[in-house]
Amino acid sequence: MTEIDAKIDALVPAWLHLPDIAEMLDVEVTRVRQLVKEGQLIAVRRGENRALQVPAAFIKDGKVVKGLAGTLTLLKDDGFTDEEMLEWLFTPDPTLPGTPAQALSENRGTEVKRRAQALAV
């Protein structure tokens, strides 16, 4: 859980507060906090009251986007910080096309993971 700079904040189109995610996933807020702690979601402090928020793109159809947790693990293992992971996930890649976060939500996770693995080389 970290604070982010304006550049990364501008890359992410929409954010959700933890209680909203809990409602979407039909779980308690403590479970959402656990997902963050386990590295299955990235939460950052933003806004006036520095509330924890998660990119909205990480939640789809009442679930955490398929492939996100594995991708975050790969990036973390490559030495990425939370900010660097967000920047990578939300920076458009014309060869993908779109952003890695968008590709994950469109069930193109295999290609995203392949690219994340290639970063370690």
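Which side chains does a polar contact of 2.7 Å join? The pair is glutamine 53 and arginine 46. A polar contact is a pair of N or O atoms within 3.5 Å; within protein, one must be able to donate a hydrogen and the other to accept it, and residues adjacent in sequence count only if both atoms are side-chain atoms. The model is predicted: local features need pLDDT of at least 70, side-chain atom pairs count only at pLDDT 80 or more, and totals for chains, interfaces and linings use all residues. Residues are numbered from 1 along each chain as its sequence is written, and side-chain values use heavy atoms, with hydrogens and water left out.

Glutamine 53 lies in strand 4. Helices (H or I, at least four residues) and strands (E, at least two) are DSSP runs, numbered from the N terminus. Glutamine 53 has a relative accessible area of 6%, so it is buried. Buried means under 20% relative accessible area, exposed over 50%, and partly exposed in between (1.4 Å probe, protein chains only). Beyond its neighbours within four places in sequence, glutamine 53 is in contact (heavy atoms within 4.5 Å) with Trp15, Leu16, His17, Ile42, Ala43, Val44 and Arg46.

Tryptophan 15 belongs to strand 2. Its relative accessibility is 14%, so tryptophan 15 counts as buried. Its side chain makes a polar contact of 3.3 Å with that of aspartate 9. The C-alpha atoms of tryptophan 15 and aspartate 82 are separated by 15 Å, with the two residues 67 apart along the chain.

The largest nonpolar core has 34 residues. Such a core is a set of buried Ala, Val, Leu, Ile, Met, Phe, Trp, Tyr and Cys residues joined through side-chain atoms within 4.5 Å. Ile21, Leu41, Phe58, Leu86 and Leu89 have the most contacts inside this core. Several elements each supply at least two of its residues, among them strand 2 (15–17), helix 2 (18–25), strand 4 (51–55) and helix 5 (82–90). Helix 5 gives the most, with five residues. Leaving aside neighbours within four places in sequence, phenylalanine 58 is in contact with residues including Leu41, Val65, Leu86, Leu89 and Phe90.

In helix 2, the buried residues are Leu18, Ile21, Ala22 and Leu25. Seen down the helix axis, they fall within an arc of 105°, so they line one face of helix 2. The arc is that of the directions from the helix axis to the C-beta atoms. These buried residues pack against strand 2, helix 3, strand 4, strand 5 (59–60) and strand 6 (63–64). Aspartate 26 follows helix 2, with a positive phi near 60°.
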